[in-house]
Amino acid sequence: MSKAKIGIVTVSDRASAGIYDDISGQAIIDTLNDYLTSEWEPVYKVIPDEQDVIEATLIEMTDIQQCSLVVTTGGTGPAKRDVTPEATEAVCDRMMPGFGELMRTESLKFVPTAILSRQTAGLRGDSLIVNLPGKPKSIRECLDAVFPAIPYCIDLMNGPFLTCNEDVIKPFRPKNKSLFLNDII
């Protein structure tokens with residue numbers, strides 16, 4: 001079994017100011033450590049809210065670092081500098097809109113302003129990129145909602161087999177092998 005490389009990218013105006021105390025990226029690492037029982041290696045960066053920097057970082061993580069999963073945090077709101085979804089769309093081959101839809105639906109259970117969120121997800125080569133909000137509590141809520149589909153998505157892209165602590169998060173994989181190989185529904 002190969003060790004999964006998972007990219008974690010914090011997009012923040014604080015990075016532009018040279019401040020790198022990142023609780024959001026750490027919240028992703030902590031959540032993935034709770035979820036995953038398979039070996040994984042974080043590839044971690046804190047970068048400024050600049051579309052060209054975000055795009056270059058996503059390309060580096062997917063194409064060069066070969067992360068099967070890249071999770072971003074920050075830059076998904078309506079502010080002018082929030083450009084993470086645009087950067088993600090610019091580098092992806094195909095978009096996965098269901099991720100954003102589910103994250104917003106889940107977040108609306110907690111705050112009415114979740115409708116302002118623009119999280120999305122997409123595929124680049126053999127990698128899944130998922131945009132999360134910037135608040136640690138929201139990160140966990142959103143990952144709890146979408147992560148059950150992530151291991152199977154990575155399976156379908158011939159990525160590393162992710163095993164999970166099923167007392168914490170239960171991934172969905174079809175029981176029928178022909179479904180597993182040919183269909184995601």
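In which helix is Ser-107 found? In this predicted model, Ser-107 belongs to helix H5, which spans residues 97-108. Its relative accessibility is 9%, and because buried means under 20%, Ser-107 counts as buried. When neighbours within four places in sequence are set aside, the contacts of Ser-107 are with Ala-114 and Cys-142.

**The chain as a whole**

The protein chain contains eight helices and six strands, and from the N terminus on its elements follow the order β-α-α-β-α-β-α-β-α-β-β-α-α-α. Its radius of gyration is 15 Å, close to the 16 Å that the globule rule gives for 185 residues, so the chain is as compact as a globular protein of that length. Taken along the principal axes, the box filled by the C-alpha atoms is roughly 50 × 40 × 30 Å. Of the 185 residues in the chain, 49% are buried, and of the contacts between residues at least 6 apart in sequence, 72% join residues at least 24 apart.

**The sheet**

Six strands form an open sheet with mixed pairing, in the order E2-E1-E3-E6-E5-E4. Strand E2 (40-47) and strand E4 (94-95) stand at the edges, and because each has a single partner strand, one side of each is left without a neighbour in the sheet. Strands of a sheet pair through backbone hydrogen bonds, in either the parallel or the antiparallel sense.

| Strand pair | Sense | Bridges | Example pair |
|---|---|---|---|
| E3 and E6 | parallel | five bridges | Val-70 and Ile-129 |
| E4 and E5 | antiparallel | two bridges | Met-95 and Gly-122 |

Strand E6 (residues 127-132) has six of its six residues buried, so it is largely enclosed by the rest of the structure. In a regular strand the side chains alternate between the two faces of the sheet. E5 and E6 form a hairpin in which two residues lie between the strands, and Gly-125 in the turn has a positive phi of about 60°.

**The largest pocket**

The largest pocket has a volume of about 420 Å³. It is lined by 20 residues, of which Val-111, Thr-113, Pro-133, Lys-135 and Ser-138 are the closest to its centre. By class, the lining consists of six nonpolar, 10 polar and four charged residues. Which helix gives the largest share of the lining of this pocket? Helix H6 (residues 136-146) does so, with three residues.

Conventions
Residues numbered from 1 in each chain as written. Predicted model: local features only at pLDDT ≥ 70, side-chain atom pairs only at ≥ 80, totals over all residues. Heavy atoms only, no water. 1 Å grid on protein atoms, 1.4 Å probe; cavity = no way out; pocket = protein on both sides within 12 Å on 5 of 7 lines; lining within 4 Å. Points joined across faces, edges and corners; volume = space filled by probe spheres on them. Helix = DSSP H or I, 4+ residues; strand = E, 2+ residues; numbered from the N terminus. Nonpolar A, V, L, I, M, F, W, Y, C, P; charged D, E, K, R; others polar. Buried < 20%, exposed > 50% of the residue type's maximum accessible area, 1.4 Å probe, protein only. Pairing = 2+ DSSP bridges. Contact = heavy atoms within 4.5 Å. Rg over C-alpha atoms; globule rule 2.2 N^0.38 Å.
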